[in-house]
Amino acid sequence: MQNKPRFPNGSVIVSKLGLILSLLGSAMVLCACQTVGNFVHPESHKPTVKVKKEPWFSAERATRTQKMEEGFILVLSGGGVRGFAHIGVLKALEELGLEPRMVIGTSAGAVVAAYWGLGYTADQMMQRAESLNNSDLFVPVLPNLGQPVLKGEAGVFSGQFLERQLRRDFGIQTFEDLPQPIAIVATDLETGRPVVFNAGDVAQAVRASSTIPGIFTPPSINGRLYIDGQASSPLPIVPAKRLSDLPILAVDVVYPPELAEVSTLTDLMFQTFLISSFRIKELEMLQATMIIAPQLTNVGQLGLNDRHWVFKTGYLEAKEKLRKAEKLLK
């Protein structure tokens, strides 16, 4: 009988959170510091560019994708490190000569969709992942716990550093600049509704879609805050139908809450988030033409060490299912 997995690196995050809280207490006593240790400076939530209406959504681009008459749309779910299975599915599609007309993703799926849109192959995505480590993503900030003296952030780690990693490859490219059409889904923090990005700054949209609430600081886009797309549309099939009437191949790697053990504060935060997103996903998946759901039972939300076997699991599952249903997607 397999042991239920703990969320990888949970102890690391908890220890960092403890360090943040202890530093916060010391800082409040001193009442003189503007920053603490190596914490990054708080972000401004003012919009960087003044724009009107919905600059992140292009009706013109949506009309073009709605007119597509052949092929299929690839929809990629959220799922943290389980998202490496998405790259395995892309590898299988490449080998079978099946290329999506568009890819739409949430959270981890948004990252993969963006690199596909930039023209990366599955192998190139995995090569890029080799240069990543947790220190690239988990940079602590001073959290806002209602302290009266020091200004804090709405998160434990800075989302700026995920965006910085993306800008190494994307620069300031917009969706319109990409050679392949994609769309990204994030959640409007005020309304709770899923928001489809198919125009504007790609790196900023991916960061918004990947901002785990309470963990990463949310970005401000046009004066509104956004969090993880998995909070409102973990498997964004409904948003995909807004953009196209083509058949939908959905890849589901959303973390099943029953696999988790909850014993720490971090575990509890993730479990609450996962329960709601998993239930939403069950409703969304009913509208897919075909679903690939790799059987991933031993990987949590945060570690990068499992990426190779997760990739392989996604690849093998896709090869098996696509052989039997290739005609559905052509």
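Begin the tour of this predicted model by selecting Arg279, which counts as partly exposed at 43% relative accessibility.

The structure holds 13 salt bridges.

Proceed to Glu130 and Arg307, another such pair, with the closest N and O atoms 3.4 Å apart. Glu130 is in the loop between α5 (122-129) and α6 (134-137), and Arg307 is in helix α11 (residues 307-325), so the pair ties together parts 177 residues apart in sequence. Glu130 is partly exposed at 42% relative accessibility, whereas Arg307 is buried at 10%.

Now select Asp188 in strand β3 (residues 182-188) and Arg224 in strand β6 (residues 224-227). In this salt bridge the closest N and O atoms are 2.7 Å apart. Asp188 counts as buried at 5% relative accessibility, while Arg224 is partly exposed at 26%.

The largest nonpolar core has 74 residues; Leu74, Val75, Leu93, Ile184, Phe197, Leu249 and Leu322 touch the most other members. Centre the view on Phe197: beyond its neighbours within four places in sequence, its contacts include Trp56, Phe175, Ile184, Ile221 and Tyr226. A second, separate core of seven residues includes Phe138, Val156, Phe216 and Phe270.

Finally, display the whole protein, which has eleven helices and eight strands. Of its 330 residues, 54% count as buried.

Note on methods
Residues are numbered from 1 along each chain as its sequence is written. This is a predicted model: local features need pLDDT of at least 70, side-chain atom pairs count only at pLDDT 80 or more; totals for chains, interfaces and linings use all residues. Side-chain values use heavy atoms; hydrogens and water are left out. Helices (H or I, at least four residues) and strands (E, at least two) are DSSP runs, numbered from the N terminus. Buried means under 20% relative accessible area, exposed over 50%, partly exposed in between (1.4 Å probe, protein chains only). A nonpolar core is a set of buried Ala, Val, Leu, Ile, Met, Phe, Trp, Tyr and Cys residues joined through side-chain atoms within 4.5 Å. Contact means heavy atoms within 4.5 Å. A salt bridge is a side-chain nitrogen of Lys or Arg within 4 Å of a carboxyl oxygen of Asp or Glu.
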